[in-house]
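Visitor: Please bring up the structure, and let us explore it together.

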Amino acid sequence: MKISKKKALIIGAGPAGLTAGIELLKSEKFAVTLVEKDAVVGGLAKTTEYKRCRYDIGPHHFITESDKILAWWRDVMGQDFHQLKRFTRIFYNNHFFHYPLEPWNVITGLNPFQCIRAIASYIRIRLFPIKKVTSFQDWVSNKFGRRLFSIFFKTYTEKVWGIPCDTISADWAAQRIKGFSLSHAIFYAFFGRWFTKNKPRTINDVFYYPSRGAGTMWERVAQRITTHDDGTLFVGQEVASIQHADGRIVAVSTRSKQAAEIYGAAQSLTRYEADYFFSTMSLRNVILSLDPLPSAMVINAAKSLAYRGLITVNLIVNKTNVCPDHWLYIHEKSVRMGRIGNMNNFSPFMVDNPQQHTALSLEYFTFVDEPFWFTPDDQLIELGRQELAQTGLVKARDVIDGMVMRTADAYPVYNANYKEHLDIVLTYLGQFTNLELMGRNGLHRYNNMDVAMLSAMSAVDKVLAAQEAVMYHAPEAKSESVFLT
Ligand SMILES: Cc1cc2nc3c(=O)[nH]c(=O)nc-3n(C[C@H](O)[C@H](O)[C@H](O)COP(=O)(O)OP(=O)(O)OC[C@H]3O[C@@H](n4cnc5c(N)ncnc54)[C@H](O)[C@@H]3O)c2cc1C
């Protein structure tokens, strides 16, 4: 007997949404529709071309501890997935420190007095650790000592998050620097070449990358979806309302910027009904889009979830061999940028003319209500040019062109009370039996692509298991859904 397929509606065509789409289609039990507000797919992991140079939103390198994810990526990219040896450094006090840290390089970079202070502060913290660890500052100081914390963590972390390290939750450090200790770092720095087996993840030194940018992975996945009989993907459609009743999501309505421009706001809404809904949009916006809205307490909790925006100033430099790094962390206080990505070092195909040009991506972290967010593009390009010259990597006149990209919700912020607010939001949304939350902003987790994908896979597994259970216990219910659209 032919069983009619259930309908799944996925919000967002970033890594998590696209992964969920493919996994649902693989099951052959679902017809899948994705709605994406951007004009292109890939989310934070997209690649954008400007004057024949290609830029990620901050270079996206592919790393994972999951064999399943690696096999998935290889299946999508085939031969066009290249293993690279990571080379990254920290720029601090006009010196380039290798990252992961290398003892001799640290000793030559810091003067002997600073070295002694760093060692003394490390010994001090080992003897008298901070007992009640609540903040990022406490957590890292306990691992590395206060001195190394302030040299190698404080400035960069505060640039990224825009809040003092003593107000960032210790959860973030525990998640990102898990399993890392200074003694391990020093051990591996000296003896790593002979003891590669148990090397901690944070200092793994190889990654993968497609020849024409991280985004090509997601473009290929999207193509698999759109060429599948049961797959549909709409871009330029922003979810504006999520309608619910009796503990179930009933439909979402999207707003099309393009349709609004042509037909006016009222005609630009499209309604999608489905059996299951998968969301990767930010939790704050999920709550604020609900119709009817939840209680004031839930709304306030959602509004308290903070996000850090990112401006990338993408420059074309009339020079080759700018630096050997894939990216550089800029700890230097005198410049505002936080990271420089050198796209040429990911692949020569990132630039059409790599014998002459280098594509550099400068990252500026900001809140979207700060004046910096509204700085005109030409001023940002000029700032990038001047700051780049200040590092000594290129001369200002070598920067021949540039473009600016703004990403509003680039980082879910782990501020001091975020967990309280998150719990309220997740508990409320947990009542909807046909809504799955996944991905980075979809769960308010600072995740890499692989973890965002794993969250999508487990959301799909959960729904497939629920479907199996329904079919097993109530076979008469198998094909009764009715759709108005
Ligand atoms: C600067 C930077 C560098 C990074 N570097 C790496 C790296 O090197 N390696 C790595 O593995 N990871 C990296 N990441 C993390 C990686 O980008 C994320 O883990 C991944 O993109 C998360 O996928 P996602 O699908 O959950 O979210 P997203 O990529 O954010 O995708 C969500 C999608 O939903 C869409 N959307 C949002 N709201 C709506 C709405 N209302 N209606 C319709 N669509 C909507 C968005 O437009 C977006 O396309 C980096 C992130 C940043 C910011």
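Guide: A definition to begin with: two strands pair if DSSP finds at least two bridges between them. Helices (H or I, at least four residues) and strands (E, at least two) are DSSP runs, numbered from the N terminus. This is a predicted model, where local features need pLDDT of at least 70 and side-chain atom pairs count only at pLDDT 80 or more, while totals for chains, interfaces and linings use all residues. Residues are numbered from 1 along each chain as its sequence is written.

Visitor: In which sense do strand β1 and strand β13 pair?
Guide: Strand β1 covers residues 6–11 and strand β13 residues 276–279. Leu9 has Phe277 in β13 as its bridge partner. Over four bridges, the sense of the β1 and β13 pairing is parallel.

Visitor: Which are the edge strands of the open sheet that holds them?
Guide: Five strands make up this parallel sheet, ordered β9-β2-β1-β13-β20. From one strand to the next, the twist averages 15 degrees, with axes fitted as lines to C-alpha atoms (for helices over the stretch in contact) and angles running from 0 to 180 degrees between N-to-C directions. The strands that pair on one side only are β9 (231–235) and β20 (435–437).

Visitor: Are α5 and α6 parallel, antiparallel, perpendicular or oblique to each other?
Guide: Helix α5 (residues 136–144) and helix α6 (residues 146–161) pack with axes 8 Å apart, at an angle of about 140 degrees. Under 35 degrees counts as roughly parallel, over 145 as roughly antiparallel, 65 to 115 as roughly perpendicular and the rest as oblique. That makes α5, relative to α6, oblique.

Visitor: Where is Pro292 found, and is the peptide bond from Asp291 to Pro292 cis or trans?
Guide: Pro292 sits in the loop between β14 and α12 (296–304). Most peptide bonds are trans. Here, with omega near 0 degrees, the bond from Asp291 to Pro292 is cis.
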